[in-house]
Amino acid sequence: MRHYTAIFLTILLLGGCSSGGAPVSPDLTSDDINRSPSSVNLWGYWDIEYDVTTGQLEITPLRSASGTWNVTMFLQPPAGSPTGLGVQILDASDLISNGRIDVQVTVNHPFPSMKLRGFDIRGVVLGDSSMIDPYNSSIQYAGENDLRLLNADGYTRWMNPAEFHVAGILGYVEGALGTSGYLPDATINGYKYFADSIEPDGNVYDYFASAYGFVAMRGSMNPGTSLSRDYHLQFPTSPLQVKFQYAIIASWEKALSGGMTPGVNDFPNEANSFEPVAISVVDSSTLFYESASNKGGNIDLRLNIVDWWAYWDPTNLSDYIGKIVVSSDSLDLAGGSFVEFDFSTLDQYPASAGNAEGVDIFIGDVEPSGLENQEILISIEMTGYDYSNPFGVPNGTDGDPLAAYFRYTFEVAPDINDPPVVTSGVTGPTNVFVMDTETYSVVVSDPDGPFTEYEWTIRDELTGDLLYGPDPGDGAGNWVLDWSDAYIPGEVEIFCTVNDGDNQDDANPLKVTVSDEIFHANLNDITTGDNAGWSYVEQIGMTHWSDDVGDDDHLAGYGYKFGIFNTMYFHESASILMTPEIPLASNLEHVYTVVLHSYEFEYYAPFEIGFDGGNFKCTQAPTTPVYSDPEMPITGGKDYEGWLFDTAINGQLAYFSDVSPETLHVSAYEIPPGYIGSSVYLGFAAATDEFTTGENHGWMIDDVSVRALPTDANAPPIPYSQITGDILLPMLDNFPGTYEVIAYDVESDPLSYAWTVRIPGTGEIIWGPVIVDNDQDIVINWMEVGTTGELEVHCSVYDGFHPGVAAPPLPVTIQEVVFHADLTDTTTGDNAGWTEIIQVGASGWTTEVGEDSILNGYGYKFGEFDASYLEDSRGILLSPPISVPADVARASLYVLHDFNFRASLDGGNFKVTIDPLTPNFLTVEENIDGGFDYDVELTGTVMDGQDAFGIGQLTDTGLISRMDLLNSQEGKDIRLGIACASGITYFNMRGWLIDDIVLAITP
């Protein structure tokens, strides 16, 4: 090893013995200034300042010039010290056999002045070329049998001897440690990047990403310091040739402030390199090569580009970078040798380094030429910058754009494992009972294996939370699922992921509604009542079941009612209503009954008599419940426990109390476990006392369900109402929709409501989910939803233990706005173009609001109601023409308003007239039940309930009046008329406050 080292040192020493003279730079420690006689031999440009504190001249190169400089001459005699540049051999064991040597290069800053802080210092290894860039033939670089810097941070065109002919700081200078007389011909050469605190073997991108302080130092080097970097050099071996040259280049611009000791931020942006200095590559490519006839794949790279423009102006990086070019002589790039990308069209991503930006590069249908040496050259061209030197010093780059260059080699697979392809979504039953066993399947194609694994999971349909699994199924695309194992009633999705060891594919999930209902009768349905098979067991006294509701005429009548309560109830009457037989499968663990009901019970004091209420009971079939005593005198009420099993539901019996029917009650109890595996009847008993007790009393039973409970006996929530709320609205901020769903939980678990808006049919979520805790109402701003047309409002209810249980969705229609007058805007009121048609009597429209001074005054007010209203006054306001599109499904007129009507104020109507027809009053006065109504002069229908007739006072706010336009008005220009009048002055403070007028359509 000593022998090899001695040989290399001898080569270095020989290379350092440069022959011939060269003009020298001034000694920066003296006052001498060298003025070069010609531009060919020009070494430098100098700025001389006198420091009054030291009495010395300060000599600074390059006044008012910025750019990239070759500082090699200052790191060697005669202009610099022999110790300016140092080389230490790290490993030369492979030099003779393989041409490989690892060295560490140390740069000692040659200047003492803080004004000469260097930026983006790069130590460039100069060598010969055998590669020509197919995109730009001027770009020549090292091939396999040329000198290569194996761990280059990047490649630069600066200061190559083939193009930068003018010796000095703006051109090539022979390095004293390089091979004397050797002029390499490569036009781009690899470099290592030097900056304060970077480790000798450190990665440039990782260095900047590790601490923002390094970014803030702007890749600079302080005067008086030393920096070292490791170089892995590969010399040609056929035959072995150890010759090289080098250049140490730096970027610099004179400091703008800071005096004699400027800091980093005293230097302008131009002190840094204008082109990127490093990249980090994230490779997701899929290149493979098996043979000349079986090869291919895609290039898929994320380039994290270290560029100072990303630090100074990250939002406008495309103003500085023009294009990225990927070229190669070993890869067929989609039928060519290079691909250009306009940088402005690439999606940009934040990078972990503060002076970097990420962009994605994708090239499909790439064909490698083999497994080894599959390399690309990445050129990043700047916009508006080239290689022009300051002061007009020429070079041979021919005006090519300034660019940064990086080489990247791919790992090409010997053969690619084609990913599995799921050719079907998950298929199987979509409505199941929690105790069912069902089979779900996917169809998969994976011709090249070697194996395929399946992962089945069940997730919450809305949140995506994992509820059950993963399970491999049968390993062949089928999953036999015992839903009793999962036991997750609610709205769920079944997922299947297929994996072949290298790749995976996901099947489209299947939405499944998992029900825990064993029996359900929705008795609130007054058409059928879901009551087929119900029967009454016994009837005592004069009560009976009426025959006006239900298929079997049993579920309506005294004691059980579905509309209003009974008007009377006879004494000593009692009856039992019984469900059909309900089988309970033996694989059930727990079963419970839920009854939704309301009731009204009355009694007369001081008599301790009243309506006795009733019980919910269960008997094991075929046992039929009977009364044990025709009269059953129990003071204050009756309780029939002798013939039914279980216990009375707490608090549901009526003793000496008045109970309002306003509240819907939920009663629930567990069916005795001993009944599981057999069948049961549910019985509902009601009776009266000794004589008629009054009016309007009895039971209203709305909903009866029998449900299976999971092992932990915690019941899921039950939404017992469909979503209710506004089903027709314009898409406008002032017209939000209010929606409600009523749900209950047997265990009184706190409930959360997840609201979404979806596309009917597909179920695609376009808004939400919005989670509301412990509140069953929500207000939806349809402007935030941003979609008009036929939609659905959905709500899933969560109790913290189960997946969401969905309430029946509410179809809604959201209309497109074609006209909107926001009359709450007291500056203009959006009222330009409105006109006053007629004015009778002493009333008038005041001139306080609006560009045309029309919309404020008697009858129409926008802040408060009028303080006075004169008798026999009336007027009509007419809107500007409004175009109603043709071929619309629905055109609706909305008016948001308040009003205060008292005696004699006739209110008004919202009407529509076809332009240019003008409405007018037929007579001065038309007395109609205490008021005036002007229907005949305008086309359309009166908005329900919004006209004021009669004597009295009516004050309301925030009302929305709506009417649909007639089909004959579609495709035409219409005008909206608003009429208001008064009779005799009677009270003050009355009138209309019209806030918004909207015309909206459903296409």
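This is a predicted model: local features need pLDDT of at least 70, side-chain atom pairs count only at pLDDT 80 or more; totals for chains, interfaces and linings use all residues.
Colleague: Why is cysteine 496 called buried?

Modeller: Buried means under 20% relative accessible area, exposed means over 50%, and partly exposed is in between, with a 1.4 Å probe and protein chains only. Cysteine 496 has 1% relative accessibility, so it counts as buried, and cysteine 795 is also buried because its relative accessible area is 2%.

Colleague: How many disulfides does the structure hold?

Modeller: The structure holds zero disulfides, where a disulfide is a pair of cysteine sulfur atoms within 2.5 Å. In general, a disulfide is a covalent bond between the sulfur atoms of two cysteines.

Colleague: What makes strand β14 a mostly covered strand?

Modeller: Strands (E, at least two residues) and helices (H or I, at least four) are DSSP runs, numbered from the N terminus. Strand β14 covers residues 245–252, and eight of its eight residues are buried. In a regular strand the side chains alternate between the two faces of the sheet. In β14, Gln245, Ala247, Ile249 and Ser251 lie on one side, Tyr246, Ile248, Ala250 and Trp252 lie on the other, and all of these are buried.

Colleague: How do you know which strands pair with β14?

Modeller: Two strands pair if DSSP finds at least two bridges between them. Strand β3 (residues 67–70) is joined to β14 by four bridges and runs antiparallel to it, with glycine 67 having tryptophan 252 as its bridge partner. Strand β6 (residues 118–126) is joined to β14 by six bridges, also antiparallel, and here leucine 126 stands opposite glutamine 245.

Colleague: Why is one side of β15 and of β22 left without a neighbour in the sheet?

Modeller: The open sheet of four strands has the order β15-β18-β23-β22, with antiparallel pairing. β15 (278–283) and β22 (348–350) stand at its edges, each with a single partner strand, so one side of each has no neighbour in the sheet. Between β18 (residues 299–306) and β23 (residues 356–363) there are eight bridges, and one of the bridge partners is valine 359 in β23, which faces leucine 303.

Colleague: What makes phenylalanine 208 and tryptophan 308 an edge-to-face pair?

Modeller: Rings of Phe, Tyr and Trp (its six-membered ring) pair if their centres lie within 6.5 Å, and planes under 30 degrees apart count as stacked, over 60 as edge-to-face and the rest as tilted. The rings of phenylalanine 208 and tryptophan 308 are 5.6 Å apart, centre to centre, with 90° between the planes, and the pair is therefore edge-to-face. Phenylalanine 208 lies in helix α3 (residues 204–210) and tryptophan 308 in helix α5 (residues 308–312), so the pair ties together parts that are 100 residues apart in sequence. Both phenylalanine 208 and tryptophan 308 are buried.

Colleague: Why is the contact between aspartate 153 and lysine 192 called a salt bridge?

Modeller: A salt bridge is a side-chain nitrogen of Lys or Arg within 4 Å of a carboxyl oxygen of Asp or Glu. For aspartate 153 and lysine 192 the N to O value is 3.2 Å, and the contact therefore counts as a salt bridge. Aspartate 153 is in the loop between β9 and β10 (154–156) and lysine 192 is in strand β11 (residues 189–194), 39 residues apart. Aspartate 153 counts as buried at 13% relative accessibility, and lysine 192 is buried at 4%. Asp153, Lys192 and Arg229 are linked in a network of salt bridges.

Colleague: Is glutamate 517 buried or partly exposed, and what about arginine 707, its salt-bridge partner?

Modeller: Glutamate 517 counts as partly exposed at 28% relative accessibility, whereas arginine 707 is buried, with a relative accessible area of 9%. The closest N and O atoms of this salt bridge are 2.9 Å apart.

How values were computed:
Residues are numbered from 1 along each chain as its sequence is written. Side-chain values use heavy atoms; hydrogens and water are left out.
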